Amino acid sequence: MIEVKGLTKRYGDLVALDQFDLTVSEGEIFGLLGPNGSGKTTAINCMLSLLKYSTGEINLFGEPMKSESYHLKRRIGVVMQNVAVFNELTVFENIDYFCGLYVPAKSERRLLVEEAIEFTGLADFRKFLPKKLSGGLLRRLNIACGIAHKPELIFMDEPTVAVDPQSRNHILEGIRELNRNGSTIIYTSHYMEEVEQLCSRIMIMDKGKAVAVGTKEELKAMIREGEKLTIDIYDLPIFVLDDIKKLDGLFQVNYSDYRLTARCTISGHHLISILDILRKANVDFGHIFTEPPTLNDVFLEITGKELKD
């Protein structure tokens with residue numbers, strides 16, 4: 001569906017994309033993760049032929065993507081981070097206008113617009129102007145405008161920014177439904193949990209490069225970190241804490257607010273070793289929690305940055 005090879009984009013001395021490669025297969029929900037300025041939006045704009053690039057190749061649907069490739073653009077839907085609708089038009093009129101860029105026949109278009117309104121849950125707001133909509137409903141309208149023509153390939157750049165939980169859940173379920181109906185989706189977000197829930201494969205970008213790509217399980221296997229252990233302990237003597245810190249395979253061992261926390265490497269029976277030390281020292285303990293590594297852990301270890309840097 002998408003094949004990008006050696007893509008380079010420069011703004012003067014700034015290299016926004018540096019020999020960027022990407023392959024996306026039909027039927028995927030493919031996640032693009034990266035801190036601000038990593039090149040995600042630039043890469044999308046180049047793939048959409050909205051930006052000229054310095055070197056590289058971009059093929060969509062097996063064909064070179066160029067600014068005049070209108071036969072390819074008709075097969076693509078775009079939902080950008082910034083809401084792009086006409087304030088003077090109602091919900092119905094906005095969706096009808098954007099759908100009309102791809103579908104000239106009014107009778108066919110009306111059915112598609114009605115489907116998009118129903119799909120995004122905007123039936124009760126069809127005559128509203130955008131300024132009368134909440135942030136969540138405005139995001140839904142933005143999505144409806146981008147997908148009404150039933151695109152085979154959809155680019156979604158931060159579609160759930162600053163929306164309420166109910167609207168976020170509605171949007172995420174809608175994305176799954178689009179995928180089940182046959183759309184391939186490129187999805188960027190600053191919300192790790194969304195990417196982890198939705199995406200079949202994920203790419204982590206930094207400084208214009210792809211630094212890691214794979215399923216969430218494959219990405220988690222790339223790092224040293226395994227589960228996080230948390231044990232409630234009312235009184236933990238210093239010498240016992242020191243013994244725990246000496247165990248192989250543990251790092252970031254801390255004790256505060258009556259709680260012991262430790263990060264573990266992937267291999268080993270770390271919890272058993274900690275409990276053995278506690279029992280030998282006659283230290284009572286309460287609840288034990290274990291958490292598997294998250295995409296955020298992967299991102300921090302690979303890039304050394306918070307996602308929202």
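The model contains zero disulfides, a disulfide being a pair of cysteine sulfur atoms within 2.5 Å. C99 takes part in none, and the nearest cysteine sulfur, that of C145, is 9.6 Å away. This is a predicted model, in which local features need pLDDT of at least 70 and side-chain atom pairs count only at pLDDT 80 or more, while totals for chains, interfaces and linings use all residues. Residues are numbered from 1 along each chain as its sequence is written, and side-chain values use heavy atoms, with hydrogens and water left out.

**Cysteines**
- A disulfide is a covalent bond between the sulfur atoms of two cysteines.
- C99 is buried, at a relative accessible area of 0%; buried means under 20% relative accessible area, exposed over 50%, and partly exposed in between (1.4 Å probe, protein chains only).
- C199 also counts as buried, with 7% relative accessibility.

**Residue K40**
- K40 belongs to helix 1, residues 40-47 (helices are DSSP runs of H or I, at least four residues, numbered from the N terminus).
- K40 is buried but has no salt bridge, which requires a side-chain nitrogen of Lys or Arg within 4 Å of a carboxyl oxygen of Asp or Glu.
- The nearest side chain of opposite charge to K40 is E158, 5.0 Å away.
- A polar atom of the K40 side chain lies 2.9 Å from the backbone oxygen of G34.
- Leaving aside neighbours within four places in sequence, K40 is in contact (heavy atoms within 4.5 Å) with residues including L32, P35, T188, H190 and M205.

**Domains**
- The protein is divided into domain 1 (2-217) and domain 2 (224-292), with bounds from an automatic or database domain assignment.
- The centres of these domains, taken over C-alpha atoms, are 44 Å apart.

How values were computed:
Helices (H or I, at least four residues) and strands (E, at least two) are DSSP runs, numbered from the N terminus. Lys and Arg count as positive and Asp and Glu as negative; His and the chain ends are not counted. A polar contact is a pair of N or O atoms within 3.5 Å; within protein, one must be able to donate a hydrogen and the other to accept it, and residues adjacent in sequence count only if both atoms are side-chain atoms.
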